[in-house]
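Q: Could you take me through the aromatic rings of this model, one by one? I would like a close look at how they pair and what lies around them.

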Amino acid sequence: MKVYMPDRDWPEHYRAVLEELAKVPDPITGGDVLDSGVIAGLEVSDETLKVWLNFESHAEYNITGESALAYSRIIGDIMEHFALVKFQNVYVYDLKNNPVGIFENRKGYKIEDINQEKV
């Protein structure tokens, strides 16, 4: 995992991912997930994206509600921007390395296989 730092000199394939992550809104701050500090780290390979979010998943997140909903929305938005569209596998983790979002394209679908009329 590469720790996310805005001023870091990122390889080209990471920069494309960071540009897309800058389009993912943070529902709490109203900014994007990069500027708000939600992204802790990432790992990019040809077919797999791994993103670590700057939170720990505990039972109290289910009780407080707002934090859980915000992170759930962020995880969903990350999946929407990257799963099948740019990567065959997308994993989102919390800071304790617990998976909080998983997409694995085990059947080899392509974006063209999705019929927009059915969605």
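A: Happy to! Let's start with a charge: Arg8 lies over the face of Trp10, 5.0 Å from the ring centre. Here a charge sits over a ring if NZ of Lys or CZ of Arg is within 6 Å of the ring centre and within 35 degrees of the ring normal. Lys2 likewise lies over the face of Tyr14, at 5.6 Å from the ring centre.

A word on the basis: this is a predicted model, where local features need pLDDT of at least 70 and side-chain atom pairs count only at pLDDT 80 or more, while totals for chains, interfaces and linings use all residues. Residues are numbered from 1 along each chain as its sequence is written, and side-chain values use heavy atoms, with hydrogens and water left out.

Now to the rings themselves. The whole structure holds 6 aromatic pairs (rings of Phe, Tyr and Trp, the latter by its six-membered ring, with centres within 6.5 Å; planes under 30 degrees apart are stacked, over 60 edge-to-face, the rest tilted). One of them is the stacked pair of Trp10 and Tyr14, 5.6 Å centre to centre with 25° between the planes. Both Trp10 and Tyr14 are buried (under 20% relative accessible area, with exposed over 50% and partly exposed in between, using a 1.4 Å probe and protein chains only). Ring pairs also bring in Tyr4, which forms a cluster with Trp10 and Tyr14.

Tyr91 and Tyr93 make another pair: their ring centres are 6.4 Å apart and their planes meet at 20°, so this pair is stacked too. Tyr91 counts as buried because its relative accessibility is 15%, and Tyr93 does so at 12%.
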